[in-house]
Amino acid sequence: MKPMLQIQGAGMTFATRRGPFVALREIDLEIARGEFVALIGHSGCGKSTLLNLVAGLTVPTQGVLLLDGRELKGPGPDRGVVFQNHSLLPWLSCTDNVLLAVERVFGAREGRAQLRERALAALELVGLTHARDKHPGEISGGMKQRVGIARALAMEPKMLLMDEPFGALDALTRARLQDELARIVRATGSTVLMVTHDVDEAVLLSDRIVMMTNGPAATIGEILEVPLPPLREAPRNRLEMAHHAEYLHARESVLEFLYAKQQHVEAAA
Amino acid sequence: MVAAVFHQRAEGVLPANQRAEGVLPAAKAEARPMPARAMAAAGEGAVRPTPPARAARDPFDWKGLAGKVLAPIAGLALLIGIWALLTQKGGAFPTPAATFDAAWKQFADPFYRNGPNDQGIGWNVLYSLERVGLAFGLAALVGIPLGFLIGRFATLNAMFAPVISLLKPVSPLAWLPIGLLAFKAANPAAIWTIFICSIWPMVINTAVGVQKVPQDYLNVARVLNLSEWKIATRILLPAVMPYMLTGVRLSVGTAWLVIVAAEMLTGGVGIGFWVWDEWNNLNVAHIIVAIFTIGVVGLLLESMLLLVARRFEYRS
């Protein structure tokens, strides 16, 4: 199958006061339609920078990114982004926050009622119908993150880009949202690229795990194919996985990469 | 909680180099109790820390009442007491009782007219408010859009920042001759003076507000590919609103401050003219009545705008 996203020789160099800073170099990666890919690495390894390149928020200084064979130039509604800090607008209700995204993509073709229906359907997908009229300040962190996911999904993007979406949540809420995300992926068949620093999250959700070397000048160290049926086809039970040999083996490989091969060195400030 | 910081009357304690008046560190923001509907939020993690509950205290909060009601009354009583003490030997300065008598007579018939130079205090206040309203309205019309432009475009900021810093500290009295020269009439000159003095807080606060719109919101605008119009109406305007209203509040205060000086010099009916006229009549009691009236009206203007500002508070 032809890959949906192609990253070819991408690199990112920032100009700083102390001269050029190479954040990423020689990134080559292909993601197929319907695939769930996790990006993992120590903090400062440039995984968020890579996600921002795919999102179009920054332009690579080397190489090229193609989505369905076309070069990416800036952000677009074909990629839905879920931010770590949810980034909901506090003066709009949950529905209006989602509606803002929906209007931009479908506003030219559909009427108000239809657009609203889309927004409500997206909120229903993340199980937030009861909170649709609430403002972000009135709901919990986990709920805000779900509204963020609904906003991204409501645009019917080709890809879902998630930047440590559950990083700021407590462990129990995080587990529930991971299950929720798995269910949504099965229901929608979304292609997902997710940045994470949580090994279990990466193994539990993804089909492939892209492991990044330490920065500066970070690049892809190893790519692990998770030896489990694709997430979009079969649910993965958290309890069963706890003593599933293949799962544990995959988890061990990631841990080994992170803590033996790429031991985190605190960057000298 | 961004907005809460704007509702403290603490402008006086700000360091002189603070760029926007009234912009205090968020840490000083008072904790406000959550509205009931937020408490009812169901779903995961909806259990939030209860606000410092008032209900948990005794049925009636006597200590709080003493602090909120008795202390201000004691302060006012102290002022009047010292005033009475200083004036008990007689002299040109009226006693509190004489002043109160004069005020009673003035406010018993605030809207009398005995020719152009002798009208009730009600008329004087209304004429002054009209001038302030007109001048302040014009200042808002010019100042807020100007603030938006300066905040949005760095080049304009670089162009206007020195000009604003230069003109902002100029006394209202210095602007009056320019107004007289340009308009060749007293009333427009007074309005011009108020306009030019009250425009700066609105320009500066709006500009700072635009510059402080969180990058996260602008990133959202970028990934959603919003149009410039949507960015302006759905993101910039709501985000800037609290800053803008602080500017408006400071501007109204300044306008009301300047009106007395402007009217003293330009004449016509108005509270400032009235102060000067009563000085010429050597009616000191009326001057004190005017001072209190000016204070109360200024306080009311500020409270009104605080109420408006509260409506635009949001919690992120």
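Tutor: The buried residues of α2(A) are A:Cys94, A:Thr95, A:Asn97, A:Val98, A:Leu99, A:Leu100, A:Ala101, A:Val102, A:Glu103 and A:Val105. Buried means that 20 or more other C-beta atoms lie within 10 Å of a residue's own; with 12 or fewer the residue is exposed, and in between it is partly exposed, the C-beta atoms being placed from the backbone. This is a predicted model, in which local features need pLDDT of at least 70 and side-chain atom pairs count only at pLDDT 80 or more, while totals for chains, interfaces and linings use all residues. Residues are numbered from 1 along each chain as its sequence is written, and chains are lettered from A and ligands numbered from 1 in the order in which they are written.

By that count α2(A) is mostly covered, with ten of its 13 residues buried. What do these buried residues pack against? In chain A the partners are α3 (112–125) and α4 (141–154), and chain B contributes α9 (228–266). Contact here means that the C-beta atoms of two residues, placed from the backbone, lie within 7 Å. Helices are DSSP runs of H or I with at least four residues, strands are runs of E with at least two, and both are numbered from the N terminus.

As for its geometry, α2(A) covers residues 94–106 and reaches 18 Å from its first C-alpha to its last, close to the expected 18 Å. The expected span is 1.5 Å times one less than the number of residues. The helix also has a kink of about 25°, centred on A:Leu100, and A:Leu100 is itself among the buried residues. The bend at a residue is the angle between axes fitted to the seven residues ending there and the seven starting there.

A kink of about 35° lies at B:Phe160, shortly before the proline B:Pro162.

Chain A is divided into domain 1 (32–58 + 71–78 + 161–269) and domain 2 (84–156), with bounds from an automatic or database domain assignment. The centres of the two domains, taken over C-alpha atoms, are 25 Å apart. Each side supplies 13 residues to the contact between them. On the domain 1 side, helix α5 (residues 171–188) of chain A gives the largest share, five residues. That side divides into seven nonpolar, three polar and three charged residues; Ala, Val, Leu, Ile, Met, Phe, Trp, Tyr, Cys and Pro count as nonpolar, Asp, Glu, Lys and Arg as charged, and the others, Gly among them, as polar.

Overall, chain A has eight helices and ten strands. Its radius of gyration is 19 Å, close to the 18 Å that the globule rule gives for 269 residues, so the chain is as compact as a globular protein of that length. The radius is taken over C-alpha atoms, and the rule is 2.2 Å times the number of residues to the power 0.38. The C-alpha trace spans about 55 × 45 × 40 Å along its principal axes. Buried residues make up 46% of chain A. For chain B, which has eleven helices and zero strands, the buried share is 32% of 316 residues.

Some single residues complete the picture. A:Asp207, in the loop between α6 (199–205) and β9 (208–212) of chain A, is buried, with 20 other C-beta atoms within 10 Å. Beyond its neighbours within four places in sequence, A:Asp207 is in contact with A:Glu35, A:Phe36, A:Val37, A:Val226, A:Pro230 and A:Leu231. A:Glu26 lies in strand β2 (residues 19–31) of chain A and has a positive phi of about 45° although it is not a glycine; with 13 C-beta neighbours inside 10 Å, A:Glu26 counts as partly exposed. In chain B, the non-glycine B:Leu282 has a positive phi of about 55°. B:Leu282 is found in the loop between α10 (271–280) and α11 (284–311) and counts as exposed, with 9 C-beta neighbours inside 10 Å.
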